[in-house]
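Me: I would like to go through this model and ask what stands behind the terms used for it. Please set each value against its definition.

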Amino acid sequence: PPVPPQPTVRELAAFYVPCLCLWISGPLLSLVDTASVGLSAAPGTGAFQLGALGPATTFVDGSSYLFTFLNVATTNLYASAVADDGGRDGGRLAGDGVVRTAVGIALLSGAG
């Protein structure tokens, strides 16, 4: 089989910038939450509110990592469906079905 061409820097950036933003968004949003709660808390209650924010932030971040399997499974199933087609459009349709199913699962579980 022919060797695929090397990706350009632009193609790589189109892939890694969104991936980097996904990993940075959780801690960044936690920092914003902490700052806004700390600044808006009534005098004398800030420690309690910040103390309650810690477990809540951990729960939300943990639940987002829990659904990482959906990303990995969708990518693998989509690539397999397109590769099994051998270049025809049926694999693309099967791959689109995989993506629709993954979006449905995310929406039903409340993660979307």
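Me: Why is Ile24 called partly exposed?
Reply: The model is a predicted one. Ile24 has a relative accessibility of 44%. Buried means under 20% and exposed over 50%, with partly exposed in between, so at 44% Ile24 counts as partly exposed.

Me: Which element holds Ile24?
Reply: Ile24 lies in helix α1.

Me: What makes Ile24 part of a nonpolar patch on the surface?
Reply: Patches take residues with over 30% relative accessible area and no salt bridge, and nonpolar side chains are joined within 5 Å. The patch consists of Leu20, Ile24, Leu28, Leu31 and Val32, which together have about 470 Å² of accessible area.

Me: What makes up the largest pocket?
Reply: The largest pocket holds about 640 Å³ of space. Its lining has 22 residues, and Leu22, Trp23, Ser25, Ser64 and Tyr65 are the closest to its centre. Two or more lining residues come from each of α1 (9–40), α2 (46–66) and α3 (68–85). With ten residues, α1 gives the most.

Me: How is the lining of the largest pocket divided by class?
Reply: Eleven of the lining residues are nonpolar, nine are polar and two are charged.

Me: How do you know what pattern the chain follows?
Reply: The chain has four helices and zero strands, and along the sequence this reads α-α-α-α.

Me: How much of the chain counts as buried?
Reply: Of the 112 residues, 14% are buried, that is, under 20% relative accessible area.

Definitions and conventions. Residues numbered from 1 in each chain as written. Predicted model: local features only at pLDDT ≥ 70, side-chain atom pairs only at ≥ 80, totals over all residues. Heavy atoms only, no water. 1 Å grid on protein atoms, 1.4 Å probe; cavity = no way out; pocket = protein on both sides within 12 Å on 5 of 7 lines; lining within 4 Å. Points joined across faces, edges and corners; volume = space filled by probe spheres on them. Nonpolar A, V, L, I, M, F, W, Y, C, P; charged D, E, K, R; others polar. Patch = residues over 30% accessible without salt bridge, like charges linked within 9 Å, V, L, I, M, F, W, Y side chains within 5 Å. Areas by Shrake-Rupley, 256 points an atom, 1.4 Å probe, with all protein chains shown as cover. Salt bridge = Lys/Arg side-chain N within 4 Å of Asp/Glu carboxyl O. Buried < 20%, exposed > 50% of the residue type's maximum accessible area, 1.4 Å probe, protein only.
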